[in-house]
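Please look over this model with me. My notes follow the display, one topic to a point.

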Amino acid sequence: MSDDGHEQNGAGRENVPSRQRRRFPGISSRAYEHPADRSALVALRKLSGFDTVFKALSGLLPERSLRLLFLSDSVRVSDQQFAHLNDMLRDACYILDLEKVPPMYVTQDPQPNAMCIGLDEPIIVVTTGLVELLDEEEMRAVVGHEVGHALSGHAVYRTILLFLTSLAIRIAWIPLGNLAIMAIVTALREWFRKSELSADRAGLLVGQDLKASMRGLMKIAGGNHLHEMNVDAFLKQAEEYEAGGDLRDSVLKILNVLPRTHPFTTVRAAELKKWAESRDHQRIMDGHYPRRTEDKDTSVTDSFRESASHYATSVKSSKDPLMKLVSDIAGGAGDLGGRVRRGFGGFTGQAPSQDGPPRNGSDGADGPEGPADTPPRAGS
């Protein structure tokens, strides 16, 4: 592909993307990675013997089986099959300067989904449900999302997560063994949720169309009914999700998200919009970003410090009732017992009335314990 955004294929035919996009020669994945994701990856890359351990582990993982499965029972994207997806894939690799284009497959599944897996070499898989759901610009962001996973090396850890999840099911009858595996799986899922936010940013760098990224997330949440949806209202849901309810709702949020590998869709949309409007994103678009050649000099300590700072800032600025309580405790706020009582009755930040019990933020029909008796909705 030439510097003006035009691509020459093997036959000499010119494929012109729908519009010219900025590319990022030599860009390091650190440019778009979420701080928590980046600190974990920097630490793993610096870990002595890391490559050797995972090469040994690869013999235990069903990677070869997965590759054969997709090769035999899915459609490999190429100039002859799903050519429009092949153009998007090569364009995404060109924009993010990923030298080797990973194999991409379309598999029959009505559930909209995409993933990037593999230890030695990443492969990208998208479902027919996703291909049929998204338009060209929305799909371009998804392909960029998966290429971002490949550039960051997320495919390795995703493959291990799939393996460990399967292993936990197999040894569920061994109490301590299952608990140990599930503890690792839970930690990996927390990291992977942050890696999804990183990949969403990569998708925006590839598509360079925030509206298309937002539309894609809305469709994943609500189906192909854009005429019935509104971006501002969708983002408002994320605000209500974060700030609404009391401490019981905060606990339910944690329980709902624990089994998931992806953050909730409204949360992803809000996080991506926030990053798109940030100075960090603008600097990348202006050509100021870390290069891959500098990755070896990255400090693990600095990465962890940045991650810790990000979490501290997130807690302080969060509107979630539990995070507000944590922030108050960290700040040495007095009347802890009163704050906790108010938290379980609707975290309003106001002192309870002297004439009656604390307000619970509801119409009183359920009583103080009513909502806690209602089972939480499924996370997806």
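**Notes on the model**

1. Exposed means over 50% relative accessible area, buried under 20%, and partly exposed in between (1.4 Å probe, protein chains only). Helices (H or I, at least four residues) and strands (E, at least two) are DSSP runs, numbered from the N terminus.

2. A word on the basis. This is a predicted model: local features need pLDDT of at least 70, side-chain atom pairs count only at pLDDT 80 or more, and totals for chains, interfaces and linings use all residues. Residues are numbered from 1 along each chain as its sequence is written, and side-chain values use heavy atoms, with hydrogens and water left out.

3. Back to α10, residues 231-243. Its 13 residues reach 19 Å from first C-alpha to last, close to the 18 Å expected at 1.5 Å a residue. The expected span is 1.5 Å times one less than the number of residues. Phe234, Leu235 and Ala238 are the buried residues of α10. Seen down the axis, they fall within an arc of 95 degrees, so they line one face of the helix. The arc is that of the directions from the helix axis to the C-beta atoms.

4. What do the buried residues of α10 pack against? Their partners are α9 (210-222) and α12 (265-276). Contact here means heavy atoms within 4.5 Å. At the start of α10, Asn230 places a side-chain oxygen within 3.0 Å of the backbone nitrogen of Asp232. A polar contact is a pair of N or O atoms within 3.5 Å; within protein, one must be able to donate a hydrogen and the other to accept it, and residues adjacent in sequence count only if both atoms are side-chain atoms.

5. Now α9. It has 13 residues and reaches 18 Å from its first C-alpha to its last, close to the 18 Å expected. Its buried residues include Met214, Leu217, Met218 and Lys219. Asp209 caps the N-terminal end, with a side-chain oxygen 3.2 Å from the backbone nitrogen of Lys211. Just after α9, Gly223 takes a positive phi of about 80 degrees.

6. Next, the sheet. It is open, has 4 strands in the order β3-β4-β6-β5, and its pairing is mixed. Two strands pair if DSSP finds at least two bridges between them. The edge strands are β3 and β5 (114-117), each pairing on one side only.

7. Strand by strand: β3 (residues 75-76) and β4 run antiparallel, joined by 2 bridges. Arg76 stands opposite Tyr105 in β4. β4 and β6 (residues 123-127) run parallel, with 4 bridges. Val106 stands opposite Val126 in β6. β5 and β6 run antiparallel, again with 4 bridges. Ala114 stands opposite Val126.

8. Is β4 covered on one face or both? Both: Met104 and Val106 are buried on one side, Tyr105 and Thr107 on the other. In a regular strand the side chains alternate between the two faces of the sheet.

9. Last, the cysteines. How many disulfides does a search of the whole structure find? The count is 0. A disulfide is a pair of cysteine sulfur atoms within 2.5 Å. The sulfur of Cys93 is 9.8 Å from the closest cysteine sulfur, in Cys116, too far for a bond. Cys93 is buried at 2% relative accessibility. Cys116 is buried too, with a relative accessible area of 3%.
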